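Here is my note on the model you asked me to look through. Please read the points below alongside the sequence and the coordinates.

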Amino acid sequence: MSRLIAFAAVVLAASFSFAAGKAGEKAPDFPPGLFIDGNHYSLNDLEGKVTVLFFYEKDCPTCRGQIPQRNEVVEAFKGKPVRFIAIAAGDSIQEAKSYVAETHLNMAVFADNLSLMEKRYGFTISLQNIYQFRVIGTTGVVEEYRMEPAAIEKSLTHVKWKYKEGGYDARLAQAIESFEWNQYADGLRLLKPFLKNSKKDLAESAKKLNEAVRAEGQGWLDTAEKAVDAQPVQAFNLYTKTANAFYGEDLAKKAADALKKLQTNPAVKDELAARAMYDKLCAGAGRARPADAGQVAQFAASIAKKYPKTPTGMKAEEIAKEMGVN
């Protein structure tokens, strides 16, 4: 099936009110689907850093020939607060994996098999429009259309590191890198051996960093506690984040105790049930063919109907509308 036919097979409203992604506008997040590395990326989670999106056409020889140049840009920004994510426009997860294996593209890749990500950004990738770029700044707004060092550097001027510029010992760099990208459990695991290092200056720096990270975690707990009654789902999210980040420590125990109480809250129970269905939606959408788009849309609508007042239910409703199901 050609790209044009495949795209036309997706059940989408003719006038797409959700399309955005122009300069100065909020960048639309990823729709339900799969990344080839098994991870899940959200633009909301990457706010505060810079994200570069690269939409490509797999059948275009020019695109393939320019992959080494794309990789050079990625390598040039290694260690800087920018994440590069490629969008396999209209491709299945298998096709996206094959493309990376053949071209050695050095980015996380989202298999946009139903072409929803393209539609959200208001264009169609084809042999007449072989690639598109979007540079997304620290506030989640599209700032540039070029994957060029100057354009990326311009967006990076607004980034403020949480820990990298805190004057910590250079030997803590790996742990600090994890904290900067919200990988707290990994960061704490890497930091722990330094806390009792025989070199006093290194141990003191590690303790200072540990205290700063724990203060951030305590802030999550404080915010969660205030939100328990009025916004129980938000509180649940923050307690879960704390429990996962500080696993095995006292902060995690406090969070776990609070979670036990919240799990019986009706709003939380509904949200967790909606999330379980949404996970199935993502897995199904990631393996669906364009001809299956109607079923994907109907399943999204069923989540919204069953859990209409939950955050995930409302997100599913938007997806159903986006795909032409009201």
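1. Overall form. This is a predicted model, and the protein in it has 14 helices and six strands. Its radius of gyration is 22 Å, close to the 20 Å that the globule rule gives for 326 residues, so the protein is as compact as a globular protein of that length. Taken along the principal axes, the box filled by the C-alpha atoms is roughly 65 × 50 × 35 Å.

2. Of the 326 residues in the protein, 50% are buried. Among contacts with a separation of 6 or more, 68% are between residues 24 or more positions apart. The accessible surface comes to about 16400 Å², and carbon and sulfur atoms hold 52% of it.

3. Charge. The protein carries 44 positive and 40 negative side chains, and the centres of these two sets are 4 Å apart. Side chains of opposite charge can pair when their charged atoms come close. With a cut-off of 4 Å between side-chain nitrogen and carboxyl oxygen, the count comes to 19 salt bridges.

4. Asp91. This residue sits in the loop between strand S3 (82–89) and helix H4 (93–103). Asp91 is buried yet has no salt bridge, and the nearest side chain of opposite charge, that of Lys58, is 4.4 Å away. Given that the salt-bridge cut-off is 4 Å, the 4.4 Å to Lys58 deserves a careful look. Leaving out residues up to four places away in sequence, Asp91 touches Tyr56, Lys58, Ala96, Ala111, Asp112 and Asn113.

5. Phe35. Strand S1 (residues 34–35) contains Phe35, which is buried with a relative accessible area of 5%. Phe35 and Thr312, which are 277 residues apart in sequence, have C-alpha atoms 20 Å apart.

6. Asn182. This residue is placed in the loop between helix H7 (173–180) and helix H8 (184–191), and at 40% relative accessibility Asn182 counts as partly exposed. Not counting residues up to four places away in sequence, Asn182 touches Asp45 and Lys162. The C-alpha atoms of Asn182 and Ala245 are 8.7 Å apart, although 63 residues separate the two in sequence.

7. Glu47 forms a salt bridge with Lys26, with the closest N and O atoms 2.6 Å apart. The pair links distant parts of the chain, since Glu47 is in the loop between S1 and strand S2 (50–56) and Lys26 is in the loop between helix H1 (3–9) and S1, 21 residues apart. Glu47 is partly exposed at 33% relative accessibility, and Lys26 is partly exposed at 43%. Lys164 and Glu177 also meet in a salt bridge, at 2.6 Å from N to O. Lys164 lies in the loop between helix H6 (149–156) and H7, and Glu177 in helix H7, so the pair ties together parts that are 13 residues apart in sequence.

8. Glu271 and Arg275 meet in a salt bridge of 2.7 Å, N to O. The two are four residues apart in helix H12 (residues 266–287), which means that about one helical turn separates them. Glu271 counts as buried at 3% relative accessibility, whereas Arg275 is partly exposed at 27%. Elsewhere, Glu144, Arg146 and Glu148 are linked in a network of salt bridges.

Terms used:
Residues numbered from 1 in each chain as written. Predicted model: local features only at pLDDT ≥ 70, side-chain atom pairs only at ≥ 80, totals over all residues. Heavy atoms only, no water. Rg over C-alpha atoms; globule rule 2.2 N^0.38 Å. Buried < 20%, exposed > 50% of the residue type's maximum accessible area, 1.4 Å probe, protein only. Contact = heavy atoms within 4.5 Å. Areas by Shrake-Rupley, 256 points an atom, 1.4 Å probe, with all protein chains shown as cover. Lys, Arg positive; Asp, Glu negative; His and termini not counted. Charge placed at Lys NZ, Arg CZ, Asp CG, Glu CD.
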